[in-house]
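Subject: Structure for you to look at

Hello,

Here is the structure I promised. Please open it beside this email and follow along.

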Amino acid sequence: MNRSVTRTRTLLAAALAVGIAAGPLAFPATAAPAPAATTRAVDPAGSALAEVIAGLPSKDATAALVRVGGTEGTWRGTTGVHDLATGRPADPDARFRAGSVTKVFTAAVVLQLASEGRIDLDRPARAYLPDLIPATYGEVTVRQLLNHTHGIPAAEMPGDTVEEWYARRLDTHDPRAMVRSATARPREFAPGEKQHYLNIGYTIAGLLIERVTGDTYEHQLAARVLGPLGLRDTYSPGTSPRIEGPHNHGYQTMRLDDGSTGLRDVTVWGATDGWAAGDLISTTADLERFTRALFAGRVVRGPLLEEMFTLPKVADSRSGEPAAYSVGLSMKVLGGREVWGKTGGRWGYNAAIASTRDGARTLVYSVNSTDAKGQDTNRVALNLMLATFGMPSPTPSPVR
């Protein structure tokens, strides 16, 4: 395979931070294909977006909720089913697991605290959490936690397959125990030298918020972001494995009890392993409102907002490509423009927020992917991104 084809495929895959591999799909007899997407459009790209989400449920996804906005026009689309058992149309106002989109909210809270002088981004995180972060990681700064250049490895988690993880889906995980597990392992690289996208930096950030404020992470998030923006359908589930309120079911391709491979309903699944890095539940309307407010400077104010739009000048520790993650967000050049945002994946659910820097075009989606944490990019989610913003441009030469 020639280098240009390889790079193009890499760019397509990198357009989203999480994805899905296509797999076999067998629908129950009661799950008839959903009607055509319910849409409202004043945007010339609406036909392309409608085509992307047409025909659900499919082998890739069972439902999709999409909102495109900004000064260039708006578009709304919903397709697929609420659940495979009844085949009812998907609820466009459904709540869903936002996964790592949570990181944007957590980063915003930390930056607010920094603007108040309660957190110094250049200060070692150990200065705030000396009882939790060992001297081995004493040089890691708060900023490095947030832009994934800290070098702390992931915590040890039980299980190696989706079937094993499913069997433990109701386990609860203590964030302090996860941090102790991670920091007991050798560092991946010296702080600030490379970038490796992991949850652990944001788990520590959640604990840092609690230490500095003397309050819970969940209450600070609600008081600082959710309440002021009127995000009434966005919440932290805590130890509950359920999605409260209206929601479409999520499914995962896996080995079933009879030894065959098929879809299992994974709607009920605890998210304590994600916590401040990935446990939020939200709606497309709430995430769109949050995205508009964030990019307009109404969530993080002043110079600290630029932390979210500044990429560290290091290379990815695995690919060698230039760093793609800032504080809270990531960036790809699509359609010749910088597109900033964040994707997220929990079993049964992929989500994303994305916007041009000036807010001219925004995208929020929830795709009920059938392998939301797979190795390859979900084709529905990827094509939504490309239909909204355009094809990716080549990245600069790797940082050396």
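Which residue takes a positive phi in the hairpin of S6 and S7? Gly-259 does, with a phi near 90 degrees. Five residues sit between the two strands of that hairpin. Please keep in mind that this is a predicted model.

The hairpin strands
S6 covers residues 251-255, and S7 covers residues 261-265. The two strands run antiparallel and are joined by five bridges. Look across from Met-254 and you will find Gly-262 in S7. Four of the five residues of S6 are buried, so the rest of the structure largely encloses this strand.

Helix H10
H10 spans residues 379-389. Eight of its eleven residues are buried, so H10 too is largely enclosed by the rest of the structure. The buried set is Val-380, Ala-381, Leu-382, Leu-384, Met-385, Leu-386, Thr-388 and Phe-389. After the helix comes Gly-390, with a positive phi near 110 degrees.

Thr-388 is worth a click. This residue belongs to H10. Its relative accessibility is 3%, and the cut-off for buried is under 20%, so Thr-388 counts as buried. Leaving aside residues up to four places away in sequence, Thr-388 touches Leu-49, Val-68, Arg-361, Thr-362 and Leu-363.

Aromatic rings
There are eight aromatic pairs in the structure. One of them is Tyr-166 with Trp-269, an edge-to-face pair. The ring centres are 5.8 Å apart, and the planes make an angle of 65 degrees. Tyr-166 lies in helix H5 (residues 162-167), while Trp-269 lies in the loop between S7 and strand S8 (281-282), so the pair ties together parts that are 103 residues apart in sequence. Both partners are buried: Tyr-166 has a relative accessible area of 15%, and Trp-269 has 7%. Together with Trp-165 and Trp-347, these two residues form one aromatic cluster.

Charges over rings
The charged end of Arg-169 sits over the Tyr-166 ring, 4.0 Å from the ring centre. Arg-357 is placed in this way over Phe-309: its charged end sits over that ring, 3.7 Å from the centre.

Best wishes

Notes: Residues numbered from 1 in each chain as written. Predicted model: local features only at pLDDT ≥ 70, side-chain atom pairs only at ≥ 80, totals over all residues. Heavy atoms only, no water. Buried < 20%, exposed > 50% of the residue type's maximum accessible area, 1.4 Å probe, protein only. Pairing = 2+ DSSP bridges. Contact = heavy atoms within 4.5 Å. Phe/Tyr/Trp six-rings, centres within 6.5 Å; stacked < 30°, edge-to-face > 60°. Lys NZ or Arg CZ within 6 Å of the ring centre and 35° of its normal.
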